[in-house]
Amino acid sequence: MASKAPRENIDESKLTVTKPKTKAVGIPAVANALKISFEQMGPIRSAQTLMAVNQLDGFDCMGCAWPEHEKRNAAEFCENGAKAVAEEATRRRVTPEFFAKYSVAELQTRDDYWLGQQGRLTHPMVLEEGATHYKPISWDDAYDLMAEELRGMENPDQAVFYTSGRTSNEAAFVYQLLVRGIGTNNLPDCSNMCHESSGSALVETIGIGKGSVSLTDLETASLIFVAGQNPGTNHPRMLSALEKAKKNGAVIVSVNPLPEAGLLHFENPQHVQGVVSGTKLTDDFLQIRAGGDQALFQGLGKYLLEAEAAGRVTPGLDTVLDHAFINNHTVGVDEYLRHLEKVEWDDIVEATGLTLEQIHATGERLLASSATIVCWAMGLTQHKHSVPTLRDVVNVLLLQGNIGKPGAGVCPVRGHSNVQGDRTMGIFEKMPEKFHDRLDHEFEFLSPRAHGYDTVAAIRAMRDGKVRFFMGMGGNFVRAAPDSQVTEDALANTALTVQISTKLNHSHLSTGRRALILPTLGRTEKDTQASGDQRVTVEDSMSAVHASRGRLKPASEHLHSEVAIVCNLAHRLFTDGQGHPAPGAPRAAWLSMRDDYSLIRKHIEAVFDGFENFEDRIQHPGGFVLPHPPRDARKFDTASGKAHFTGNELEYIKIPAGRLVLQTLRSHDQYNTTIYGKDDRYRGIHGGRRVVLINEADIKELGFADGDMVNLISEFEGVDRLAEKFRIVAYSTPKGCAAAYYPETNVLVPLDSVADTSGTPTSKSVIIRLERA
């Protein structure tokens, strides 16, 4: 039997600190995965569910978006994937009786761990204006309440529709159609807060905002950079691919402010040798200062240029630079090279915190490589200068022709299942005209062209009283967003907030004047509609689209699928009493699509390139891969028709005296805003989360000691933000740099501190000072 949920918040007074680990996964990961699975699901349900994760006839893990080969292991999941599955397939329930027992005010005092551990939501609930408790509401009344509020708006832009990455392609497609039928492009999503910088840089430079590599490329690369990324916690199945790459002779260079156990040594539990001896993954660890990655890649480009001038050669070429590729497939190289000539090595060394010898040695790795891949995640995307940083990553790859050849390319590692698919489906506030034209043709209406709000703009609009209606499709908006207090106050400024959710979280407690909680099916659960059992599709980090079908009995008979929720609401909004489309509304058979998801896939096929014969192709085990012109044919959908080199001014974080630059990050017992447990065992943190990791020399210079309790205060444009009671932990991090877990530290991230071009909050470069608690 599953164990009961905890009764109290995490007791931070019981926090202990041990030496960080130097290896990851192995038997401890298997044991912890099984422990949590048994606690949440019980042994029989655990076996039934875990054996279906990421299987060809099973369901896609709701955790990360790492891809699979067509041939799968019997246990095709990682520790954190098992935790995600266990949290969704849990036997614990949050019923109307729970909400009768706990007021909203009391629930607001509970931490994220406690809320998430209570279990699955079972009934639609409403919080009326002025009420202290949520109470049950019928689905019909909930749909009527939403429709009434949306019809009462003065203009469509008074509504905001947020999306989490876990939403399926089918749900995302009908969701964006609903929103554009209402007349707005206010479609902020979790991409705005993570890989928006990647998309901005890649669309500009290679014409498509997605990674260009496959699993086979990664496993056969000559050189792999893993920059600003912690695979051992955030996407552990990537470690298996890196292990294969190492066995095939690849060199791996890790670039990160913190040494991460998963990149140092990997013990693969899938085979005996992996557990007994494991694999050393990282050849070179570059412990870079936070925000110094642009300087590193400018330095590597400069090194290649100097090596070219010295008459050096690289494998397969009689020069360093791939001149044939540059001449035939790129523009702008002269401007880029002129810029590199002006960059000073002293500035590069200062910005990175590395030695000149380390950078030159990494340049030698590039010179020796026949095929190079750069992988990255939030460590590169959440700075003010993130887009220029990623342009410079592309520049280095273009110099040696490392786009569109086997074993080479760009690899932005998406952190949430189907976050990439949602964007493909049109969850974006500024989709291109081609998309709108095809959507309009398919549904015989005129979709709005004016760009909508991204996440930060949506918070500002709510703050300023411009938004009456907020809907969140999955996720935990209030905990994922920056500037926590501002975000909470902004949501309180709306008339109605609607959260479509599987589990209880703080977004249900930061509400408008009225609020709805709409419980939905999870990935693990059987989705049965009028036409029979349904399946959905997702797109992984490497553009592969495949089917997912849940197996478990739903947690409650009162759950509606995300597709059903959207289609039922759209039917109320866009049809008259006889089911005829309202004037100007999309001509869509909403109830038919609700009953048969294959009809949605027919519409997707008509609107998007690459989905031809959609229904037939997902019958194939593993699905199909979407087109990627740079990868497939070295074709680039840019204004010039070629890849673009760019000259970017060198930027890095200048840390004022007596201050530190803070990066927010996940613990190992965490996935995005969901807290699975109290530990971060790889970093040696046990039983608590309110810690700040600081270089030992900085601790001493600032007048503190390891173990002291401090308040963290961020400084931005004359405004201070406070996060209270954090324990200092001396840790291996570059001087001037610190790290702490989110969402506890999201309160420190200023709403108006965002990346240029992409608008992503700068969660990896927050200037803070410490004060004694």
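Here is a short chat about a strand, its partners and a surface patch in a predicted model.

Student: Which residues point which way from β22?
Tutor: Ala544, His546 and Ser548 point one way, while Val545 and Ala547 point the other way. Residues on both sides are buried.

Student: OK, and in what sense does β21 pair with β22?
Tutor: The pairing is antiparallel, over 4 bridges, with β21 covering residues 536–539. As one example, Thr537 has Ala547 in β22 as its bridge partner.

Student: How many residues sit between β21 and β22?
Tutor: There are 4, and the two strands form a hairpin. Look at Ser543 in the turn: its phi is positive, about 70°.

Student: What about β23, how many bridges join that strand to β22?
Tutor: 2 bridges, and β22 and β23 (residues 624–625) run antiparallel.

Student: Which residue in β23 is the bridge partner of Val545?
Tutor: That's Phe624. Val545 is also one of the buried residues of β22.

Student: Switching to the surface: which residues form a nonpolar patch there?
Tutor: Val30, Leu34 and Phe38, with about 220 Å² of accessible area together.

Student: Where is Val30 placed?
Tutor: In helix α1, which runs over residues 26–41.

Methods:
Residues are numbered from 1 along each chain as its sequence is written. This is a predicted model: local features need pLDDT of at least 70, side-chain atom pairs count only at pLDDT 80 or more; totals for chains, interfaces and linings use all residues. Side-chain values use heavy atoms; hydrogens and water are left out. Patches are made of residues with over 30% relative accessible area and no salt bridge: like charges are joined within 9 Å, nonpolar side chains (Val, Leu, Ile, Met, Phe, Trp, Tyr) within 5 Å. Accessible areas come from the Shrake-Rupley method with a 1.4 Å probe; for residues, only the protein chains shown count as cover. A salt bridge is a side-chain nitrogen of Lys or Arg within 4 Å of a carboxyl oxygen of Asp or Glu. Buried means under 20% relative accessible area, exposed over 50%, partly exposed in between (1.4 Å probe, protein chains only). Two strands pair if DSSP finds at least two bridges between them.
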